[in-house]
Amino acid sequence: MKTKSVALLLVGTALVSGCANTSLRVAKPVTERPKSVTLSIDNQSKSPSLEEEMLGLKEVLTDKLQDEGIKVVANDKDAYRLTGEFANYESGNRALRWFVGFGVGKASYDSNWKLVSASGEVLGNCNIDGYVRMGFTGGSLSGMHKDLGEAVADCVKGER
């Protein structure tokens with residue numbers, strides 16, 4: 001009886017929290033933490049869903065960076081440039097993730113982030129990819145974007 005309760009608790013927790021993952025691989029560690037950055041996102045994947053979600057994604061990234069004390073500014077020639085290139089971006093299908101689960105309707109992305117000085121020197125480079133496969137409410141893209149924002153902030157801070 002106790003084993004069944006523990007198993008149900010674990011399954012319930014997985015369903016509520018969802019099955020998501022974010023992976024940060026540092027190619028070149030940032031050695032100097034910037035005080036401010038300009039932020040740009042390049043949709044190399046040509047995904048229409050990323051184009052639709054770009055404004056919300058930039059807002060999440062800006063919030064996460066500013067939470068870490070890194071100000072996001074517009075068009076400052078003296079600020080570092082933070083550029084994210086998405087080689088792949090799929091928003092998947094939340095209804096399929098909710099009703100079917102097990103990877104059906106999965107949302108995912110593969111991105112590369114560079115921090116470049118005002119003089120053009122690459123100060124850091126990270127690869128970040130992630131996905132959401134299921135969850136109690138089908139897993140959310142906003143949750144996936146928040147995880148991405150945390151990983152980008154860690155990359156820019158020189159952590160992980």
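**Overview. Four salt bridges turn up in a search of the whole structure.** A salt bridge here is a side-chain nitrogen of Lys or Arg within 4 Å of a carboxyl oxygen of Asp or Glu. Please keep in mind that this is a predicted model, in which local features need pLDDT of at least 70 and side-chain atom pairs count only at pLDDT 80 or more, while totals for chains, interfaces and linings use all residues. Residues are numbered from 1 along each chain as its sequence is written, and side-chain values use heavy atoms, with hydrogens and water left out.

**Close-up A. Arg25 and Asp129 pair up in a salt bridge.** The closest N and O atoms of Arg25 and Asp129 are 2.4 Å apart. This pair links distant parts of the chain, with Arg25 in strand S1 (residues 19-28) and Asp129 in strand S6 (residues 122-134), 104 residues apart. Strands (E, at least two residues) and helices (H or I, at least four) are DSSP runs, numbered from the N terminus. Arg25 has a relative accessible area of 42% and is partly exposed, whereas Asp129, at 19%, counts as buried. For these labels, buried means under 20% relative accessible area, exposed over 50%, and partly exposed in between (1.4 Å probe, protein chains only).

**Close-up B. Lys64 meets Glu150 in a salt bridge.** From N to O, the contact between the Lys64 and Glu150 side chains spans 3.3 Å. Lys64 belongs to helix H2 (residues 48-67) and Glu150 to helix H4 (residues 141-157), so their pairing ties together parts that are 86 residues apart in sequence. Glu150 is partly exposed, its relative accessible area being 38%.

**Close-up C. Here we visit a network of salt bridges that links Glu68, Asp154 and Lys157.** Within this view, Lys157 forms a salt bridge with Asp154, and their closest N and O atoms are 3.5 Å apart. Both of these residues, Lys157 and Asp154, sit in helix H4, three residues apart, or about one turn of the helix. Lys157 and Asp154 are both buried.

**Close-up D. A disulfide joins Cys126 to Cys155.** The count of disulfides, meaning pairs of cysteine sulfur atoms within 2.5 Å, comes to one. In this link the S to S distance is 2.0 Å.
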